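Here are my notes on the model you sent over. Have it open on your screen while you go through the points.

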Amino acid sequence: MEIASFAQFAALDIRAGTIVRAEPFPEARKPAIKLWVDLGSEIGVRKSSAQITNLYTPETLVGRRVMAVANFAPRQIGPMLSEILVLGFPDAQGRIVLVEPETAVPDGARLA
(Lines give C-alpha, C1' and ligand atoms only; values in the text may rest on other atoms or scores of the structure.)
Protein backbone atom coordinates (compact mmCIF):
# COMPACT_ATOMS: atom_id res chain seq x y z
CA MET A 1 0.00 0.00 0.00
CA GLU A 2 1.30 3.42 -0.96
CA ILE A 3 1.41 5.98 1.86
CA ALA A 4 -0.40 9.28 1.16
CA SER A 5 0.59 12.54 2.77
CA PHE A 6 -1.97 14.72 4.51
CA ALA A 7 -1.54 17.24 1.69
CA GLN A 8 -2.54 14.58 -0.87
CA PHE A 9 -5.64 13.71 1.18
CA ALA A 10 -6.53 17.38 1.69
CA ALA A 11 -6.35 17.90 -2.08
CA LEU A 12 -9.45 15.71 -2.49
CA ASP A 13 -12.69 17.65 -2.25
CA ILE A 14 -15.11 15.01 -0.89
CA ARG A 15 -18.67 16.30 -0.57
CA ALA A 16 -22.08 15.04 0.51
CA GLY A 17 -24.85 15.25 -2.03
CA THR A 18 -28.28 14.04 -3.04
CA ILE A 19 -29.04 12.09 -6.20
CA VAL A 20 -31.65 14.16 -8.02
CA ARG A 21 -31.84 12.13 -11.24
CA ALA A 22 -30.80 8.63 -12.29
CA GLU A 23 -31.09 6.85 -15.65
CA PRO A 24 -29.94 3.59 -17.19
CA PHE A 25 -26.68 3.90 -19.14
CA PRO A 26 -26.96 1.28 -21.90
CA GLU A 27 -24.10 2.87 -23.91
CA ALA A 28 -21.54 2.09 -21.16
CA ARG A 29 -19.20 -0.87 -21.77
CA LYS A 30 -19.94 -2.27 -18.29
CA PRO A 31 -23.44 -2.06 -16.76
CA ALA A 32 -23.82 1.40 -15.20
CA ILE A 33 -26.29 4.07 -14.16
CA LYS A 34 -26.08 7.78 -15.02
CA LEU A 35 -26.38 9.92 -11.89
CA TRP A 36 -26.99 13.63 -11.36
CA VAL A 37 -25.90 14.62 -7.84
CA ASP A 38 -26.74 17.92 -6.13
CA LEU A 39 -23.56 19.00 -4.32
CA GLY A 40 -25.03 22.22 -2.93
CA SER A 41 -25.19 25.82 -4.10
CA GLU A 42 -21.39 26.27 -4.30
CA ILE A 43 -20.89 23.40 -6.78
CA GLY A 44 -24.35 22.61 -8.14
CA VAL A 45 -25.55 19.44 -9.84
CA ARG A 46 -22.81 17.25 -11.34
CA LYS A 47 -23.00 14.09 -13.48
CA SER A 48 -21.42 10.72 -12.86
CA SER A 49 -21.50 7.20 -14.25
CA ALA A 50 -21.61 4.49 -11.58
CA GLN A 51 -21.22 0.72 -11.98
CA ILE A 52 -23.77 -0.04 -9.27
CA THR A 53 -26.42 -2.02 -11.15
CA ASN A 54 -26.04 -5.12 -8.96
CA LEU A 55 -27.60 -3.45 -5.92
CA TYR A 56 -29.39 -0.37 -7.25
CA THR A 57 -31.85 0.67 -9.94
CA PRO A 58 -32.41 4.22 -11.16
CA GLU A 59 -35.79 4.28 -9.39
CA THR A 60 -34.24 3.44 -5.99
CA LEU A 61 -31.48 6.06 -6.27
CA VAL A 62 -33.34 9.37 -6.58
CA GLY A 63 -33.27 11.09 -3.18
CA ARG A 64 -30.44 8.92 -1.85
CA ARG A 65 -27.61 10.70 -0.06
CA VAL A 66 -24.08 9.93 -1.31
CA MET A 67 -20.47 11.03 -0.97
CA ALA A 68 -18.46 12.08 -4.02
CA VAL A 69 -15.05 13.43 -4.99
CA ALA A 70 -15.99 16.77 -6.52
CA ASN A 71 -12.59 17.79 -7.89
CA PHE A 72 -11.56 14.84 -10.05
CA ALA A 73 -10.76 15.69 -13.64
CA PRO A 74 -13.80 15.03 -15.88
CA ARG A 75 -13.69 11.66 -17.63
CA GLN A 76 -15.41 10.74 -20.89
CA ILE A 77 -17.41 7.53 -20.48
CA GLY A 78 -19.04 6.69 -23.77
CA PRO A 79 -21.23 9.65 -24.76
CA MET A 80 -21.27 11.05 -21.19
CA LEU A 81 -18.75 13.31 -19.46
CA SER A 82 -18.48 12.12 -15.84
CA GLU A 83 -17.73 15.14 -13.63
CA ILE A 84 -17.47 13.55 -10.16
CA LEU A 85 -16.59 10.21 -8.60
CA VAL A 86 -19.39 8.80 -6.44
CA LEU A 87 -17.83 6.72 -3.65
CA GLY A 88 -18.60 3.14 -2.67
CA PHE A 89 -17.11 -0.02 -1.19
CA PRO A 90 -17.26 -3.55 -2.64
CA ASP A 91 -19.19 -6.02 -0.50
CA ALA A 92 -18.18 -9.69 -0.06
CA GLN A 93 -19.54 -10.47 -3.57
CA GLY A 94 -17.78 -7.48 -5.17
CA ARG A 95 -20.98 -5.43 -5.57
CA ILE A 96 -20.51 -1.70 -4.96
CA VAL A 97 -22.31 -0.31 -1.89
CA LEU A 98 -22.65 3.47 -1.96
CA VAL A 99 -21.12 5.57 0.84
CA GLU A 100 -23.64 7.84 2.52
CA PRO A 101 -23.63 10.14 5.56
CA GLU A 102 -25.07 8.47 8.65
CA THR A 103 -27.14 11.52 9.60
CA ALA A 104 -28.41 14.52 7.65
CA VAL A 105 -25.82 17.02 6.46
CA PRO A 106 -26.37 19.78 3.89
CA ASP A 107 -25.75 19.09 0.22
CA GLY A 108 -22.22 20.28 -0.46
CA ALA A 109 -20.92 19.59 3.07
CA ARG A 110 -17.20 18.84 2.79
CA LEU A 111 -15.62 15.82 4.45
CA ALA A 112 -13.65 17.07 7.46
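1. Which kind of contact do the side chains of Asp 13 and Arg 15 meet in? They form a salt bridge, with an N to O distance of 2.5 Å. Keep in mind throughout that this is a predicted model.

2. You'll find Asp 13 in the loop between helix H1 (6-10) and strand E1 (14-24). With a relative accessible area of 12%, Asp 13 comes in as buried because the limit is under 20%. The side chain of Asp 13 also has a polar contact of 3.3 Å with the side chain of Arg 110.

3. The whole structure has seven salt bridges by the search. One of the salt bridges joins Glu 100 and Arg 64, whose closest N and O atoms are 3.2 Å apart. Why is this pair worth a look in the sequence as well? Glu 100 sits in the segment after E9, while Arg 64 is in the loop between helix H2 (58-61) and strand E4 (65-69), so the pair ties together parts that are 36 residues apart in sequence. Both partners are partly exposed: Glu 100 has 40% relative accessibility, and Arg 64 has a relative accessible area of 25%.

4. Another salt bridge runs between Arg 95 and Asp 91, with 2.8 Å between the closest N and O atoms. Here too the residues are partly exposed, Arg 95 with a relative accessible area of 28% and Asp 91 with 22%.

5. Now the pocket. How many residues line the largest pocket? The lining has 25 residues, and those nearest the centre of the pocket are Ser 49, Ala 50, Gln 51, Arg 75 and Ile 77. The volume of this largest pocket is about 600 Å³. By type, the lining residues are 13 nonpolar, seven polar and five charged. If you want to trace the lining by strand, E3 (45-50), E5 (75-77), E7 (85-86) and E9 (96-98) each supply at least two of its residues.

6. Two loop residues make a handy contrast. Is Ala 73 buried or exposed? Ala 73, in the loop between E4 and E5, is exposed, with a relative accessible area of 65%. Its C-alpha atom is 16 Å from that of Phe 9, a residue 64 positions away along the chain. Ile 84, in the loop between strand E6 (80-82) and E7, counts as buried at 4% relative accessibility. Ile 84 and Met 67 are 17 residues apart in sequence, and their C-alpha atoms are 10.0 Å apart in space.

7. Last, the record. An unreviewed UniProt entry carries the annotation "domain: TRNA-binding" for residues 8-112. Over residues 8-112 the model is 7% helix and 40% strand, with 14 Å between the end C-alpha atoms. I'd quote the annotation as coming from that unreviewed entry.

Methods: Residues are numbered from 1 along each chain as its sequence is written. This is a predicted model: local features need pLDDT of at least 70, side-chain atom pairs count only at pLDDT 80 or more; totals for chains, interfaces and linings use all residues. Side-chain values use heavy atoms; hydrogens and water are left out. UniProt positions are given in the numbering used here, feature names are shortened, and annotations may be inferred rather than shown by experiment. Helices (H or I, at least four residues) and strands (E, at least two) are DSSP runs, numbered from the N terminus. On a 1 Å grid over the protein atoms alone, a cavity is a set of points where a 1.4 Å probe fits but cannot get out, and a pocket is an open set with protein on both sides within 12 Å along at least five of seven lines; lining residues have an atom within 4 Å of a point. Grid points are joined across faces, edges and corners, and a volume is the space filled by probe spheres set on the points. Ala, Val, Leu, Ile, Met, Phe, Trp, Tyr, Cys and Pro count as nonpolar, Asp, Glu, Lys and Arg as charged, and the others, Gly among them, as polar. A salt bridge is a side-chain nitrogen of Lys or Arg within 4 Å of a carboxyl oxygen of Asp or Glu. Buried means under 20% relative accessible area, exposed over 50%, partly exposed in between (1.4 Å probe, protein chains only). A polar contact is a pair of N or O atoms within 3.5 Å; within protein, one must be able to donate a hydrogen and the other to accept it, and residues adjacent in sequence count only if both atoms are side-chain atoms.
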